[in-house]
Amino acid sequence: MRVDILSLLPGMFGEVFDHGIVRRARQAGLLQIETHALTDWTEGRFQRADDAPYGGGPGMVMRVEPLVEAVEAIGELDAAEPRVVLLSPRGRQLDQEVVAELAREPRLLLVAGRYEGVDERFTGLTGAEEISVGDYVLSGGEVAAMVVVDAVTRLIPGAVGDSESVVQESFATGLLEHAHYTRPPVFRGEEVPPVLLSGNHQAVRRFRREQSVQLTRNRRPDLFRAFAGQREPASKPNPDTKERSS
């Protein structure tokens with residue numbers, strides 16, 4: 001997979017991708033990351049990428065010209081056409097389903113927004129989709145782009161050594177992940193659940209599944225409702241109700 005990132009502050013990505021799973025994926029040739037400075041497509045002494053909003057109001061708006069020209073130029077750097085994503089608080093919420101969707105793409109172009117927002121014409125002219133990493137305010141889309149890259153990389157085949165761990169992680173099954181324990185078996189009077197020491201793999205799987213369901217019900221009732229709704233059996237016809245003919 002190739003990921004291009006367009007930003008006013010490309011220096012923010014300096015060491016972020018040189019650690020952990022992202023670094024290993026890059027070294028293995030599974031992931032290519034290229035950062036681009038939006039100012040390379042601006043003109044004038046001050047290389048302005050923003051301007052005051054029409055109609056008045058606080059703050060500044062990112063200009064459409066350099067953004068569109070940058071996306072078009074970056075798109076031509078590789079044979080694969082990129083899926084253009086604008087990191088924006090107005091966008092579709094990033095969840096594991098969206099991450100899996102993005103991970104299936106051969107190429108992504110992430111655009112980090114800043115200021116009060118981006119000229120509305122940008123998405124229409126480039127076909128960019130807006131994605132949000134959460135209902136809170138960030139100084140810019142750079143941190144959001146880092147989140148997307150990290151989450152997507154984990155789903156690239158071969159990026160994670162133990163592929164089973166990815167399948168069992170929180171949100172992958174619609175539930176939060178079960179609790180984890182390791183040595184020692186007793187610490188300050190707190191014991192590891194005996195079933196995990198039993199060697200009975202079937203019992204361990206059942207225990208962990210029950211833990212996931214309970215944790216999700218208690219901590220994320222919104223997720224649990226969605227999970228429970230998916231598991232509801234199809235409604236059966238009432239045997240006492242006779243079909244009417246019209």
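Helices, meaning DSSP runs of H or I with at least four residues, and strands, runs of E with at least two, are numbered here from the N terminus. With that convention, P184 falls in the loop between α6 (163–168) and β8 (186–187).

Before going further, a word on provenance. This is a predicted model, in which local features need pLDDT of at least 70 and side-chain atom pairs count only at pLDDT 80 or more, while totals for chains, interfaces and linings use all residues. Residues are numbered from 1 along each chain as its sequence is written, and side-chain values use heavy atoms, with hydrogens and water left out.

Let me begin with the backbone. Most residues other than glycine have a negative phi, and most peptide bonds are trans. Against that background, the bond joining R183 and P184 is a cis peptide bond, with omega at about 0°.

Y115, with phi of about 60°, is located in the loop between β6 (107–112) and α4 (121–126). R188, with phi of about 50°, sits in the loop between β8 and β9 (190–191).

For accessibility, buried means under 20% relative accessible area, exposed over 50%, and partly exposed in between, using a 1.4 Å probe and protein chains only. Y115 is therefore partly exposed, because its relative accessible area is 44%. R188 counts as exposed, because its relative accessibility is 75%.

I turn now to the interior. A nonpolar core is a set of buried Ala, Val, Leu, Ile, Met, Phe, Trp, Tyr and Cys residues joined through side-chain atoms within 4.5 Å. The largest such core has 31 residues, and those with the most contacts inside it are V3, I5, F17, L31, L94, L102 and L110. Two or more residues each are given to this core by β1 (2–7), α1 (20–27), β5 (83–93), α3 (96–103), β6 and α5 (142–153). The largest share, seven residues, comes from α5.

What is L94 in contact with, leaving aside its neighbours within four places in sequence? Taking contact as heavy atoms within 4.5 Å, the partners of L94 are V99, L102, I131, S132, V133, V147 and V148.

Finally, R219 belongs to helix α7 (residues 201–219). R219 counts as exposed because its relative accessibility is 62%. R219 and L176 are 43 residues apart in sequence, and their C-alpha atoms are 8.8 Å apart in space.
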